[in-house]
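Today I am opening a new notebook page on how two chains meet. Here is the structure I am working from.

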Amino acid sequence: MEKAKKTLVIGVIGADVHAVGNQILYHAFTDAGFNVINLGVMVSQEEFIAAAIETNADAIIVSSLYGQGELDCRGLREKCDEAGLENILLYVGGNIVIGKQPFDEVEKRFKAMGFDRSFPPGTPPEVDIEALKEDLHVED
Amino acid sequence: MNPVLLIDFGSTYTKVTAVDLDAPRLLGTSNSYTTVQTDINNGLAAALEKLEQTTGRLDFSARYACSSAAGGLRMLASGLVPELTAEAAKTASLGAGAKVLKTYAFKLNEDDAEEIKRLDPDIFLLCGGTDGGNTETVIHNAKVLAYVGGNYPIIYAGNRNASRECARILEGREVHIVENVMPAFGKLNIEPTQKQIRDVFLARIVQAKGLTEASELISGIMMPTPSAVMAAMKLLAEGTKTQTGIGDLVAVDVGGATTDIYSVCEGLPDDPRTSLKGLPEPYIKRTVEGDIGMRYSIRGIVDAAGLERIAKIAGVSEDQATETIDLFATKTDTLPFDATSQAVDEALASMAVRVAVKRHAGRLEELFGLGGLKLVQSGKNLVNVDKLIVTGGSLIHTEHTGRIASYGFYDGEEDPESLRPKQADVLVDRKYIIAAMGLLSEHHPDAALKIMKQELVKDDTAK
Ligand code: B12
C-alpha cells in the first residue's frame with residue numbers, strides 16, 4: 001500500500017487577494033507528494049482551523065503578501081490549541097510584514113506567536129518543501 | 001377516465017387528492033383527521049368518503065402515498081466541524097425530507113448521550129472527517145451510540161477510513177455504510193446518504209409508524225411528505241422532456257409548527273468576480289425553521305420579528321395582537337374568526353415568510369479593504385429567482401396571499417446584504433396539491449406538471 005500522504009492546509013490569510021503565489025505553492029506542494037487542501041485567498045483563521053480539523057491535517061501553511069500578516073496571524077496558534085490541533089505545524093511566508101525589516105527580528109516575533117517557521121520574501125517553494133519534509137519526517 | 005389517488009398522511013390531517021390521468025386534471029381534494037393511534041385506514045376511509053361525495057365514485061387505477069404522520073421522519077445527525085461535516089449531514093437529512101431534531105458537532109458527551117436516548121430518533125446519521133481525514137471523532141461518536149443503545153438504524157456517511165471500525169463498534173445494530181457526505185474538503189456528496197435514508201424509510205419507518213396497514217391499498221411509493229414537495233418543485237422548475245418548466249423558483253410552506261423553504265436554482269453570484277464562502281450549495285435546497293410556525297411555534301415569530309412590528313402590520317394595538325397570539329398559541333386549532341384575528345394571522349404569516357426566506361437565502365458582503373472593493377457571497381443567490389410558490393393554511397385561506405408572500409422579497413435598506421428574490425410572481429397552492437403532485441411525478445411527471453400549471457394560480461396582490 002502507498003504510504004499515507006501528509007496533509008497540508010494552505011491559503012492566503014486575512015483580506016489579502018494576492019492569488020498567484022498561492023497557486024504556485026499548491027502545485028509545488030502537490031508535485032512534492034503532499035495532499036494539499038487549498039483554501040485560496042481571503043481565508044480567515046477559523047477557516048484554516050475548520051479545514052485542518054476535518055482533514056486531520058499535519059500542517060497549516062499561511063501566506064500573507066499585503067503587509068498585514070502580523071495582525072492577521074495573531075492568535076492563530078491559541079485558536080489551534082483550543083480546537084484540539086495542539087501539535088499542528090504552523091508555517092508562514094510571503095511578504096509577512098510591511099516594508100523591509102531585518103528578518104531575524106520578524107522571525108522572532110512570529111516564533112513568539114507560535115509559528116514553527118517563518119520565511120522571508122522571495123523564499124522559493126523548494127526551501128519550504130525541504131523544511132516540511134524535515135519537520136514531518138517524510139523520507140524521499 | 002383514469003383516476004389516480006394521492007394520499008398525504010399528515011400529522012393532523014390525512015389529505016387525499018384525486019386526478020384523472022387521461023385529461024389530465026384535478027378531480028377533487030378532501031381531508032379528514034389522521035388516525036395513527038387506531039388504524040390509519042379509518043382516517044383515509046373518511047377522507048375518501050368525503051372526496052367521493054363531490055367527485056362521485058372513483059375506480060382508482062393506482063394509489064400513492066406520502067407521510068409525515070407520527071412525528072414525520074425524525075432524525076439526529078452528527079458531524080465534526082459545525083460548518084463542515086455537521087452542516088453537510090444536516091443538509092443531507094433535510095433534503096431527504098427528514099425532521100432534524102438536532103445536529104451535533106465534535107465529540108458527543110454524556111449530556112448528548114442522554115439526549116439521544118431520550119429523543120430516540122428514527123434514524124441517526126453519523127458523519128465526520130473527510131476521506132483520509134479525522135477518524136478520532138467519528139469513532140468516539142460511534143462508541144457513544146453503541147453505549148446509548150436503541151433500535152434505530154444508523155447511517156454511516158463519515159470518513160471512509162473509519163467506516164469498518166465504526167461498523168464493528170456498532171455490531172448488533174442496523175448500520176448502513178454509504179459514501180462520505182464530504183469526501184474531500186468543501187465537497188458536498190449528499191445523494192448517497194439521501195438514497196439510503198429513503199430506503200430505510202421504506203423498509204422500516206413505514207412499518208414502525210403503523211402505515212403498513214394502509215400499504216395493502218397502496219400501489220407503491222411511500223416517501224416523507226417533504227420529499228414529495230421537493231420532487232414537485234423540481235419538476236415544476238425543470239419541466240419534462242415534452243413540457244417546459246417555469247424555471248428557477250423558491251417555495252414557501254408556512255405550517256403550524258415549522259416553516260419550510262425550498263429553492264430550486266444554482267444560486268451563483270451575478271458578478272463573476274465574487275468569491276464564495278462556505279459549503280457549496282445544493283441545487284435543490286430545503287431548510288426548515290423549527291422556531292417559525294403559525295401555532296406551535298408562534299412565539300418564535302414574535303421573537304424574531306417583534307410584537308410592535310406584527311401589531312403595526314396587522315393595524316391593531318399591541319394588546320390586541322398579544323391577545324390573539326396567546327389564543328393561537330394555547331388553542332392551536334383556532335382559525336381566524338374575526339377581522340382582528342385575521343389581520344394578526346396575516347401579519348404573523350408575513351413575518352414567518354420574511355424570516356424563513358431570509359434565513360434560507362444567501363448573503364452578499366461588500367468588503368472594503370486594501371486594494372478596493374471585494375464581494376463575498378455565502379449561501380444561495382436568489383435575487384433573480386422570479387417565481388415564488390406559496391402553500392400552507394394561513395397563506396392559502398386568505399385573499400391577501402400576494403401581499404403576505406411579498407415579505408419574502410428583498411427589501412433594500414432594511415437588509416441590504418440579503419440575497420432574497422427581488423421581485424417574483426407569486427403562485428398559490430390554493431387546493432393544497434403540491435405534495436400530491438410530487439407523488440404523482442414519480443410515475444406520471446407530465447400529468448403532474450400539467451395539473452400544477454393549471455392549479456397553481458398567480459396572485460397579483462403583492463405590494
Ligand atoms: C500582482 C500584485 C497585486 C495584484 C494582485 C492580483 C491577484 N489577485 O493576485 C493587486 C493589484 C490586486 C494587488 C493589490 C495590492 N497590493 Co499587491 N502586488 C502585486 C505584485 C506586483 C505581484 C504579486 C505576485 O503575484 N507575485 C508573484 C508570486 C509568484 O509571488 P508571491 O505572491 O510573492 O508568492 C511567492 C512567495 O511569496 C512565496 N510564498 C508565499 N506564501 C508563502 C508561504 C510560505 C510558508 C513560504 C515558505 C513561501 C511563501 O512563494 C510564492 C510562490 O513562489 C507584488 C509585488 C511583487 N513583485 O511581488 C505586489 C505587492 C505584494 N502588493 C503590495 C501591496 C501593498 C498591495 C496593496 C495593499 C496595494 C494597495 N494599497 O491597494 C493591494 C492589497 C490588496 C489586497 N487586499 O490583497 C505590496 C506588499 C507590501 C508589503 N507586504 O510590504 C507588494 C509587495 C508591492 C510592493 N513592493 O509594495 N497587488
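Predicted model: local features only at pLDDT ≥ 70, side-chain atom pairs only at ≥ 80, totals over all residues.

**Entry 1, polar contacts.** I looked up the polar pairs first: chain A and chain B share 7 residue pairs in polar contact, both residues at pLDDT 80 or more. A polar contact here is a pair of N or O atoms within 3.5 Å; within protein, one must be able to donate a hydrogen and the other to accept it, and residues adjacent in sequence count only if both atoms are side-chain atoms. On the chain A side, helix H2 (residues 45–55) gives the largest share of what touches chain B, 6 residues (helices are DSSP runs of H or I, at least four residues, and strands are runs of E, at least two, numbered from the N terminus).

Residues are numbered from 1 along each chain as its sequence is written, chains are lettered from A and ligands numbered from 1 in the order written, and side-chain values use heavy atoms, leaving out hydrogens and water.

I found a count of 1 salt bridge between chain A and chain B (a side-chain nitrogen of Lys or Arg within 4 Å of a carboxyl oxygen of Asp or Glu). B:Lys277 pairs with A:Glu47, with 3.4 Å between the closest N and O atoms.

A:His18 sits in the loop between strand E1 (7–12) and helix H1 (20–31) of chain A.
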